[in-house]
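Good morning, colleagues. Please have the structure in view as I speak.

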Amino acid sequence: MARSVVKHTCTRYSVILTLSGLLGAALVVDFLWASSSFSSSAYQSIASNWALQKSRIIVVPNVATIAEKIVDAKDKKEGVPQRFLSATYADLPAPDLQWEEMPAAPVPRLDGAAIQIKNLLYVFAGYGSLDYVHSHVDIYNFTDNSWGGRFDMPKEMAHSHLGMATDGRYIYVVSGQYGPQCRGPVAHTFVLDTETKIWQSMPPLPAPRYAPATQLWRGRLHVMGGSKENRHTPGLEHWSLAVNNGKALEKAWQD
Ligand SMILES: *[C@@H]1O[C@H](CO)[C@@H](O)[C@H](O)[C@H]1NC(C)=O
């Protein structure tokens, strides 16, 4: 399942700007410290003592030193150098996978959503450019490796940052960003019957969300997290709705 909706493209630039601003400020502060009566090493020792007192430090060993020691140990034939790693990070033999180029998609797409059912990949919405969002679905057929079967989405459906889940026939599309650039999110929720390509609306989420985690589990559509309307406040709610064969069995989402 190719769900790559959680990218907040619009905030990336402001994050970069903020980081470079902070870096600039830090350089100025460091320069002022260095040129004041404190030497910069005195400042550093104050800073690191403060950090040691204020927080529980996890000692991160110097990688270069470790590498030198490993080389030394090998040279001196002192046996295998030891590394302390959780089994989770142990090297596993990788499968010998090969990349293959597919036919280019019918349109360029950023932050759309896609979900595979059997041999068909349904690709929804997304940006064509920063000022233009797609309002259709493209289908890729893995049997004959071709794109085809384009059809429209409902007018009110969001275009990016979608929550999406499927039971193998019905695809649920929950909230997301409506419109291009950095527009706001909507609560609108829809279900697509992939056999008939007919859309139905579902009860709207209690509040709009960008890119909520969406999962079908034990007859309920669960929606968690995502961002709130201001784009950066995490939504901490968990809502669910009883569903069966593309129909909501309840009038509203439950907390
Ligand atoms: C996918 O391709 C196969 C082989 O050409 C074809 O039989 C099948 O009908 C296609 N499926 C759809 C939904 O177009």
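This is a predicted model: local features need pLDDT of at least 70, side-chain atom pairs count only at pLDDT 80 or more; totals for chains, interfaces and linings use all residues.

The protein contains three helices and 14 strands. It has 255 residues, of which 22% count as buried. If we take contacts with a separation of 6 or more, 43% of them join residues 24 or more positions apart.

I turn now to the nonpolar core. The largest one comprises 31 residues, and those with the most contacts inside it are F124, M164, I171, Y172 and V173. Several strands each supply at least two residues of this core, among them strand 1 (113-117), strand 2 (120-124), strand 5 (136-141) and strand 7 (163-166). Strand 9 (185-193), strand 12 (220-224) and strand 13 (238-244) are also included in that group, as is strand 8 (170-177). Which strand gives the most to this core? That is strand 8, with five residues.

Leaving aside residues up to four places away in sequence, F124 touches G112, A113, A114, V137, M153, L162 and V173. One of these, V173, is itself listed with F124 among the residues with the most contacts inside the core.

Four strands form it in the order 11-12-13-14, with antiparallel pairing. Why is one side of strand 11 and of strand 14 left without a neighbour in the sheet? Strand 11 (213-217) and strand 14 (247-248) stand at the edges and have a single partner strand each, so one side of each remains without a neighbour there. Further in, strand 12 and strand 13 pair in the antiparallel sense, over five bridges.

R218 lies in the loop between strand 11 and strand 12. Its phi is near 50°, a positive value in a residue other than glycine. R218 counts as exposed because it has 7 C-beta neighbours inside 10 Å. K197, in the loop between strand 9 and strand 10 (198-202), likewise is not a glycine and has a positive phi, of about 60°. Is K197 exposed or partly exposed? With 13 other C-beta atoms within 10 Å, K197 is partly exposed.

M102 belongs to the loop between helix 3 (63-75) and strand 1. There are 12 other C-beta atoms within 10 Å of M102, and therefore it is exposed. Although M102 and S146 are 44 residues apart in sequence, their C-alpha atoms are 8.5 Å apart in space.

Finally, the ligand. Which residues are around it? They are L120, N141, T143, D144 and G149. By class, this shell has one nonpolar, three polar and one charged residues. L120 falls within strand 2 (120-124) and N141 within strand 5 (136-141), two of the strands that supply at least two residues of the core. Thank you for your attention.

Conventions. Residues are numbered from 1 along each chain as its sequence is written. A residue is near a molecule or strand if its C-beta atom, placed from the backbone, lies within 6 Å of it. Ala, Val, Leu, Ile, Met, Phe, Trp, Tyr, Cys and Pro count as nonpolar, Asp, Glu, Lys and Arg as charged, and the others, Gly among them, as polar. A nonpolar core is a set of buried Ala, Val, Leu, Ile, Met, Phe, Trp, Tyr and Cys residues joined through C-beta atoms within 7 Å. A residue is buried if 20 or more other C-beta atoms lie within 10 Å of its own, exposed if 12 or fewer, and partly exposed in between; C-beta atoms are placed from the backbone. Two residues are in contact if their C-beta atoms, placed from the backbone, lie within 7 Å. Two strands pair if DSSP finds at least two bridges between them.
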